[in-house]
Amino acid sequence: MDNLKNKKLLFISSDFFELRSAMQKEFENAGADVTFIVNKPSYFGSLFNKVFKKYMSVLYAFYYYIKLYKKQNYDYIFIINGEFIPYNQCQSLIKNNPNAKSILYCWDAFSSSKNSQNIYHLFDVSYSFSRLDCRNHDLQYKPLFYIYQEKEKIKKEYDFSTVASYSESRYKMLLNIKKILIQNDFNYLFHLFIREIGLYRESKRLKHKLDKDICKTMKLSNMKTSEIIAKSKCVLDLIDSTHEGQSLRIFECIANDTKILTTNDSIKSEEFYDGKMIKILDEDFTIDSEWLNYEGCYANKDQYHVSNWVKSFFDN
């Protein structure tokens, strides 16, 4: 990544789990002088947004004005999503750095990040993890990446696992799958994160207590989740109907040669798709023991490691 050596790079992103720091570390390892701006300050939380809803556009404009006040001659501008930067300030930032290569990467779909859709055409090049957005807009497709990979092959402790946020559809599906796994003597680890207040409200709404073997009120770190994936023979990837693209969990599976059983049929379009390692989950959950115990591996998985993923933006 010689293109970044001694170059000034402006990096704007959410401070999401360990992802931002992993990306910034790769920039710095390549010799870049990185200026990081978090896309949304922590004090702009949900309560703050409710109280000052009418003024949020002004407050974001003021926030970015303060952050971008000092004019610098950047060589690269790299923004993740850009869902909060006002259009005019994004336009001025790029205009005031005419020699900088500007890059936007969207790891959320336009359907859930409207401002990304408004600003993407301002950049020299824009990428998305969503094939749908790439088909409908002038975007280049680039799937996500993984950070953690076990250095040595470790023992698979779980036949099936899933770590995800709670949704009613996901929960009901896991209830049915759990029964089948118990009947057939397969072990599992399910972790649907839901806050305490959410657990109470959902139990009241559904008129029964949620299964605490599935629903958990403790949020797992990205590292802990990756550890569970590495120790699993198969990960259940249960997406909601509105979901687009492949999640980070898919790439953690690839990193650790963990099989994937998913409701996301679009995975068949991916370069890494391998029927020996990935199956589509239909309504009638059945267990193919031969497939589950097959010790296979994914081809060309190193290209999805964060170091190579970051490098791919700057090699052209």
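Set aside the neighbours within four places in sequence, and Glu 271 is in contact with Gln 303 and Tyr 304. With Gln 303 there's a polar contact too: the two side chains come together at 3.4 Å. Keep in mind that you're looking at a predicted model. Glu 271 sits in the loop between β11 and β12 (278-280). Its relative accessibility is 60%, so Glu 271 counts as exposed, the cut-off being over 50%.

Now hop to the loop between α10 (248-255) and β11 (259-262), where you'll find Thr 258. Thr 258 has a relative accessible area of 0%, so this residue is buried. And what does Thr 258 touch, not counting residues up to four places away in sequence? Its partners are Lys 156, Ile 229, Ala 230, Ser 232, Lys 233, Cys 234, Val 235, Cys 253, Met 277 and Tyr 298.

Last stop, strand β1, which covers residues 8-13 and is mostly covered itself, with five of its six residues buried. β1 pairs in the parallel sense with strand β2 (residues 33-38), over six bridges. Strand β3 (residues 76-80) also runs parallel to β1, and four bridges join the two.

Definitions and conventions: Residues numbered from 1 in each chain as written. Predicted model: local features only at pLDDT ≥ 70, side-chain atom pairs only at ≥ 80, totals over all residues. Heavy atoms only, no water. Buried < 20%, exposed > 50% of the residue type's maximum accessible area, 1.4 Å probe, protein only. Contact = heavy atoms within 4.5 Å. Pairing = 2+ DSSP bridges. Polar contact = N/O pair within 3.5 Å; in protein donor to acceptor, adjacent residues only side chain to side chain.
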